[in-house]
Amino acid sequence: MLSHCFYKAGFGKISVLFLLLLILIPFPARAQDAVSILRAENRGGSAAATAPLMANAQGFNFVRNLIFFPARVDGRQGNFILDTGAPSLLLNHRGETEKTSPATTGLGAGGEVELASQRVRSFEMGGLEMGSRWALSLDLRSMESRTGQRIDGYVGYDLISKGELRIDYPNRNFRLLNSERKPLEKGEAPIAVLRFSYIDHLPVVELKMGGKNLRFVVDTGAGKNLIDPQYAILGDQTNREINIQGLDGGQATLGVCQMPVPERLPVMAEQLQFVTMDLSHLQSPGHPPIAGIIGADFLAKYCVGIDYRRRKLYLW
């Protein structure tokens, strides 16, 4: 079911806690979705401080509730996932570990996962050269098999967080923009503005649902919305179940609940269905509790702006 491991390596002195790539298969069977979230604390210099902007729109394919787009690593084009839950660049080494650092073993709930670090000479996305960097790497072939897509890696926080990440889900494109005090999309102001805080690199918004203030991680790599059982009692059970399988091979069948409509936020009913899952691994000492994860089931109805500098989430 849940895979989480601790990895410590010498690239920029980054510590990473993984919840590895969960596959969601609803019953009756339908196209698979995926949930991934990676937490990191950057103890070195900020890679985001030198990340360039990408004003021209980068088109993407929205498959299995994930954002797939082309990018180039060391001159080779690949198929990548845009994931705000990832701390950095994560590459699929497909078992070719001789080109990476010695493997590090991560302990997951259902087994062990081998991780490595890999030096990248160049990374290019949206026509912009992002320069050389260290990347995490692991074997994602099982994820490719489950999604039916080639996955060369994930693009996360340190490549997208200089200003605002603008994801136009309806028109299937994204941009990296300068942070602006009053952003517009096609001349229009957003219909909702939510302030967020950080846990490590993860943006966390607060919504009032069922009379309670609940905190949610915003994760474009999550195919489904997730809710911890202690907060699912605020909603209604739907009598639907979803089977979850992780990279470690563990599986679990979990219920789906319908959560109350947040105050002062226009949403559609289907956006508020959450998979009930134990999220104790997301809790951080010294921070208020995390109730859940807002994923593509919620986000895909909007053009979404995540302004990392001003700590604001915009919805158009």
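Reader: Which residue forms a salt bridge with K224?

Author: K224 forms a salt bridge with D297, and their closest N and O atoms are 3.6 Å apart. A salt bridge here is a side-chain nitrogen of Lys or Arg within 4 Å of a carboxyl oxygen of Asp or Glu. Please note that this is a predicted model, in which local features need pLDDT of at least 70, side-chain atom pairs count only at pLDDT 80 or more, and totals for chains, interfaces and linings use all residues. Residues are numbered from 1 along each chain as its sequence is written, and side-chain values use heavy atoms, with hydrogens and water left out.

Reader: Where do K224 and D297 lie?

Author: K224 is in the loop between strand 19 (212–218) and strand 20 (225–227), while D297 is in helix 4 (residues 296–299), 73 residues apart. Helices (H or I, at least four residues) and strands (E, at least two) are DSSP runs, numbered from the N terminus.

Reader: Is K224 buried or exposed?

Author: K224 is buried, with a relative accessible area of 9%, and D297 counts as buried at 18%. Buried means under 20% relative accessible area, exposed over 50%, and partly exposed in between (1.4 Å probe, protein chains only).

Reader: How many salt bridges are there by this rule?

Author: The count comes to 12 salt bridges. One of them joins R121 and D74, at 3.9 Å from N to O. R121 is exposed at 62% relative accessibility, whereas D74 is buried at 17%.

Reader: Which residues are linked in a network of salt bridges?

Author: The network links R94, E144, R150 and D152. Within it, R94 and E144 have their closest N and O atoms 2.7 Å apart. R94 sits in the loop between strand 8 (90–92) and strand 9 (104–107), and E144 in helix 1 (residues 141–147).

Reader: Turning to the rings, how many aromatic pairs does the structure hold?

Author: It holds 12 aromatic pairs. Rings of Phe, Tyr and Trp (its six-membered ring) pair if their centres lie within 6.5 Å; planes under 30 degrees apart count as stacked, over 60 as edge-to-face and the rest as tilted. F69 and F174 form an edge-to-face pair, 5.0 Å centre to centre with 80° between the planes. F69 lies in strand 6 (residues 66–73) and F174 in strand 16 (residues 173–177), so this pair ties together parts 105 residues apart in sequence.

Reader: Are F69 and F174 buried or exposed?

Author: F69 and F174 are both buried.

Reader: Which residues do ring pairs link into a cluster?

Author: The cluster consists of Y157, F196, Y198 and Y308.
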